[in-house]
Amino acid sequence: MATMTALLRVQRQLIDLLVASGPGTAMSAGTPVPVPHYFADLRAMVAMIFRSWPVAREHASTPCLAAAIDAEYASRVSQAEPLLNTLGKKKTSKPYTVPPQGCLATGAALDIAAELLDAHSPVDARHRLAPLVQRLREADLGLSTWLRRPSWISGSLRQAVMDLPR
């Protein structure tokens with residue numbers, strides 16, 4: 001029941017942003033941003049969650065949602081491992097950046113991403129995201145840099161994840 005409640009909450013939140021009469025902005029990393037930027041931030045957060053897992057595990061609303069990400073993460077690791085031994089550009093980040101295929105894993109990832117973005121201030125956002133950013137930098141510096149490009153995320157999320165101490 002708690003898992004369904006959490007999933008319905010995040011679904012309602014996202015639907016409310018998408019309706020024609022919805023707000024023009026949404027809070028992302030402690031600052032209001034245009035709704036399209038919020039959705040770009042969600043997508044970047046999902047990739048960050050998967051590549052830095054299990055660091056974000058504590059932000060899952062229920063143990064069931066955390067377990068769904070555990071399973072999805074294991075699948076992504078097994079997809080990335082064969083790419084380590086390929087010639088040329090490894091592309092080992094690709095399995096971590098694609099959206100989940102299963103409904104439960106998608107809902108779980110969006111639940112965590114929305115919770116992380118729902119910071120009360122830019123300082124709170126930096127505090128929440130620091131462990132994920134640190135793990136992402138350790139695991140995949142290329143992806144870390146790519147996810148922070150100005151064309152990829154909002155200015156508020158970029159401020160929250162840039163120049164964090166290593």
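Me: Leaving aside its neighbours within four places in sequence, which residues is Ser-93 in contact with?

Reply: In this predicted model, Ser-93 is in contact with Asp-140 and Leu-143 once neighbours within four places in sequence are set aside. Ser-93 itself is found in the loop between helix 3 (63–80) and helix 4 (94–97).

Me: How far apart are Ser-93 and Leu-143 in sequence and in space?

Reply: Ser-93 and Leu-143 are separated by 50 residues in sequence, and their C-alpha atoms are 6.4 Å apart in space.

Me: What makes Ser-93 count as buried?

Reply: The term buried applies under 20% relative accessible area. The relative accessibility of Ser-93 is 17%, so Ser-93 counts as buried.

Me: Why is Ser-156 called buried?

Reply: The relative accessible area of Ser-156 is 11%. The cut-off is under 20%, and therefore Ser-156 is buried. Its place is in helix 8 (residues 155–161).

Me: What makes the pairing of the side chains of Ser-156 and Ser-154 a polar contact?

Reply: A polar contact requires a pair of N or O atoms within 3.5 Å, one able to donate a hydrogen and the other to accept it. The side chains of Ser-156 and Ser-154 make such a contact at 3.1 Å. Beyond its neighbours within four places in sequence, Ser-156 is in contact with Ser-28, Ala-29, Thr-31 and Val-33.

Me: Why are helix 1 and helix 5 called roughly perpendicular?

Reply: Helix 1 (residues 2–18) and helix 5 (residues 103–117) pack at an angle of about 70°, with their axes 10 Å apart. Angles of 65 to 115 degrees count as roughly perpendicular, so helix 1 is roughly perpendicular to helix 5. Helix 1 passes helix 5 in a left-handed crossing. The residues of this contact of helix 1 with helix 5 comprise eight nonpolar, three polar and two charged.

Me: How do you know that helix 2 and helix 6 are roughly perpendicular to each other?

Reply: The axes of helix 2 (residues 35–52) and helix 6 (residues 122–139) cross at roughly 65° and come within 9 Å. Because the roughly perpendicular class runs from 65 to 115 degrees, helix 2 and helix 6 are assigned to it. Their crossing is left-handed. Helix 2 contributes Met-45, Met-48, Ile-49, Arg-51 and Ser-52 to the contact, and helix 6 contributes Leu-129, Leu-132, Val-133, Arg-135, Leu-136 and Ala-139. The residues of this contact divide into eight nonpolar, one polar and two charged.

Key: Residues numbered from 1 in each chain as written. Predicted model: local features only at pLDDT ≥ 70, side-chain atom pairs only at ≥ 80, totals over all residues. Heavy atoms only, no water. Axes fitted to C-alpha atoms, helices over the stretch in contact; angles between N-to-C directions. Helix = DSSP H or I, 4+ residues; strand = E, 2+ residues; numbered from the N terminus. Parallel < 35°, antiparallel > 145°, perpendicular 65-115°, else oblique. Left-handed = near helix turned anticlockwise from the far one by under 90°. Nonpolar A, V, L, I, M, F, W, Y, C, P; charged D, E, K, R; others polar. Buried < 20%, exposed > 50% of the residue type's maximum accessible area, 1.4 Å probe, protein only. Contact = heavy atoms within 4.5 Å.
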